[in-house]
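Hi everyone, thanks for coming. Let me put the structure up on the screen, and then we'll walk through it together.

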Amino acid sequence: MEAFITQLLNGLVTSMLLFIVAAGLSLIFGLMDVINLAHGAFYLLGGYVALTVMEQSGEFWRALIYAPLIVALLGLIIEVVFLRRLYGRHRHLEQVLLMFGVALIVTDFIRATWGAFVESVPNPELLSGHVTIFNVQYPVYRLSLIGFGLMLAFLLWLFIERTRLGAIVRAGVSDAQMVGGLGIDVQRVFAAMFAFGTALAALAGVVGAPIFSLYPGLDSEVLILALVVVVIGGLGTLKGAFYGSLVIGLADTFGKAALPEFSRFLLFAVMAAVLLIRPTGLFGQKGG
Amino acid sequence: MATLKARLSTAPVWLIRHQRWALIAALAFACIYPYVVRLYFVTLAEDVLIFAIFAMSLDLLLGYTGLTSFGHAAFFGAGAYLLAYLTTRFGVTNLVITVPLVLLGTAMLAMLIGFFTLRTRGIYFLMVTLAFAQMLFSIAINWSAVTGGSDGLPGVPRPSIGIGPLSFTFDSRESFYYLILVCFLLTYWLLRRIVNSPLGWAFRGIRENEARMRALGYNTFRFKLASFAIGGAFAGLAGLLQAHSARIASPENLYWTMSGQVMIMVIVGGASTLSGPVLGAATVRLLRNFISSATPRWETLMGAIFILFVLFARRGIVGVLSDARKRFEAERPATAARPAEISESPQAEAE
């Protein structure tokens, strides 16, 4: 029973981290129809920038603020300089290849700057130590990460459903051209959301670093898991990203405990099953 | 200066006009190649030819059937691993046995993955194929008892052919080069026959308008599955040759950057032609080789080159060539007597 609860909590931690990554991926796709193949690279870059900030300042919260901002700035530059030229219905492939090129450059930059070793990141001091719940000793940091993820999900939901900018984003998801026709500067909304999506990836990189460490190659793991999440949940919906993350996070954690060699296999079996039943994902309306 | 520029700009046109002779000359050169260059360049040519097979196999999906698969490395890597497993565990090096087994194995794997992924289309298809290919990568990394984990399966011997006293082992670099050259020519010929057959036209019909093909009574799912299986099998053949050439099947062959690289080859060369992927494979592999010997930061440079290609040369090398031809023929209206062919520039290779 104790083991089960520990695994359950671990699964929720993974789920929440995945949600933060997948929400960014899903929002970017929903609004501008772009699959951001550099999303995993942005996650990893966020983690490494946070590592450097922490080594310089020794404070976790500084890293939590600076790293996403720096990576978001990079995202903004990429959107304005390159991606903007490639919007359009039949240009998916070009966008994908552009972001693939960006991913290659970012991961190579990471290797050049921080080396190719596994960097472990300590828990922030304020959240170190353990608490006991249901007779299980569990790290405070991980527990607070679950809370952080839930809070972020709620804030994102508030933003999308209850603010003016959120309404513009929702309208943009259904018909960006129409929104432009109403006199709203869609280009600026696109740029802002792309930067925001990359900031989410970097944020996940920061808070995930103490748990999963940082190493080249993690970028593709994160990207693929996030892709599986949005395929299961449905692209372009926050709800899909949330429930998809829960399914994948729990399946991955319990799968690793039961069949360590084939844990990934389980994830893809889930994905294959969803594809057979609902090719557009559980909550998806677009594509398919 | 102006005449030099004019001459340079008509050079591609000259090549296209005298395509037959250019091809015969290239083939003759390919035959004597290992005896006129250094060993290093023979290895380089092998690499280019293997990736040319791989890129052509993706073009059947991407260019002819309109299936934007970002997981083509799955079949390349699977071919390499199957071959490495057959040779190192069972000691089978005879191509008469290994080639059919690898083709069959990768085609079946493609049918299995296609069965799930072909229910989606467009960007979803791209994501799902990427995810499935990456699943194979993670299996290759984690299931070390069979796949050797992150070390892969080393110690792949050279291939052989024939039986008993009539058997031959491709030990020398030259003989191995000829083996790859023959495989390349066979693949080109077979794929060319396929894309110009009724099956190939059905693939193109699906690329242009799938709903209409369905309305015409085609079971488009089955045709897409067939395209996926054929493309997968040829990618498996490329993987087999790669494992023999590198003497190892490594997980890197399954990694998503491999899928990206081969897709870049098709786009750089020009999709929907068979010569495009060959030119693209040569460009990418040669660039990669020269840049990586010059700087450790070659991935950054490759990434930058890919970005420039995507932004400025959407239709690839073959597209640039056929534009040059169009300009040339527009200047001399007397020779531009084939408007049908001009409007369908992707078929420029069908001489």
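Let me start with a question: what should the 15 residues of α14(B) span at 1.5 Å a residue? They should span 21 Å, and the end C-alpha atoms of α14(B) are 21 Å apart, which agrees. The expected span here is 1.5 Å times one less than the number of residues in the helix.

A quick word on what you are looking at. This is a predicted model, where local features need pLDDT of at least 70, side-chain atom pairs count only at pLDDT 80 or more, and totals for chains, interfaces and linings use all residues. Residues are numbered from 1 along each chain as its sequence is written, and chains are lettered from A and ligands numbered from 1 in the order in which they are written. When I say helix or strand, I mean a DSSP run (H or I, at least four residues, for helices; E, at least two, for strands), numbered from the N terminus.

Let's stay with chain B. It has 16 helices and four strands. Of its 351 residues, 46% are buried. Buried means that 20 or more other C-beta atoms lie within 10 Å of the residue's own, exposed means 12 or fewer, and partly exposed is in between, with C-beta atoms placed from the backbone. Two residues are in contact if their C-beta atoms, placed from the backbone in this case too, lie within 7 Å. Among contacts in chain B between residues at least 6 apart in sequence, 76% join residues at least 24 apart.

Back to α14(B) for a moment. Its buried residues are E299(B), T300(B), M302(B), G303(B), F306(B), I307(B), F309(B) and V310(B). What covers them includes α12 and α13 (275–294) of chain B, together with α4 of chain A.

That brings us to where the chains touch. The contact takes 33 residues from chain A and 36 residues from chain B. On the chain B side, α6 (123–142), α12 (256–269) and α14 (298–312) each supply at least two residues. The largest share, 13 residues, comes from α6(B). By class, the chain B side divides into 22 nonpolar, 10 polar and four charged residues. For the classes, Ala, Val, Leu, Ile, Met, Phe, Trp, Tyr, Cys and Pro count as nonpolar, Asp, Glu, Lys and Arg as charged, and the others, Gly among them, as polar.

Next, helix α5 of chain B, residues 95–117. This helix has 23 residues and reaches 31 Å from its first C-alpha to its last, close to the 33 Å expected. Its buried residues include L95(B), V102(B), G105(B) and I113(B). Among the elements covering the buried residues of α5(B) are α4 (73–90) and α11 (220–246) of chain B.

How do α4(B) and α5(B) meet, and at what angle do they cross? Their axes come within 9 Å and cross at roughly 140 degrees. Axes are lines fitted to C-alpha atoms, for helices over the stretch in contact, and angles run from 0 to 180 degrees between N-to-C directions. That angle makes α4(B) oblique to α5(B). Under 35 degrees counts as roughly parallel, over 145 as roughly antiparallel, 65 to 115 as roughly perpendicular, and the rest as oblique. The crossing is right-handed; a crossing gets that name if the near helix is turned clockwise from the far one by less than a right angle, and left-handed if anticlockwise. The residues of this contact divide into 11 nonpolar, four polar and no charged.

Over in chain A, helix α2 (residues 39–57) and helix α4 (residues 92–114) pack at an angle of about 25 degrees, with their axes 9 Å apart. They are therefore roughly parallel to each other, and their crossing is left-handed. Residues making the contact include L44(A) and Y48(A) of α2(A), and V106(A) and W114(A) of α4(A). This contact has eight nonpolar, one polar and no charged residues.

S213(A) has a positive phi of about 60 degrees although it is not a glycine, and S272(B) has a positive phi near 65 degrees. Are they buried or exposed? S213(A) is partly exposed, with 14 other C-beta atoms within 10 Å, whereas S272(B) counts as buried, with 24 C-beta neighbours inside 10 Å. S213(A) is found in the loop between α7 (186–212) and α8 (218–233) of chain A, and S272(B) lies in the loop between α12 and α13 of chain B.
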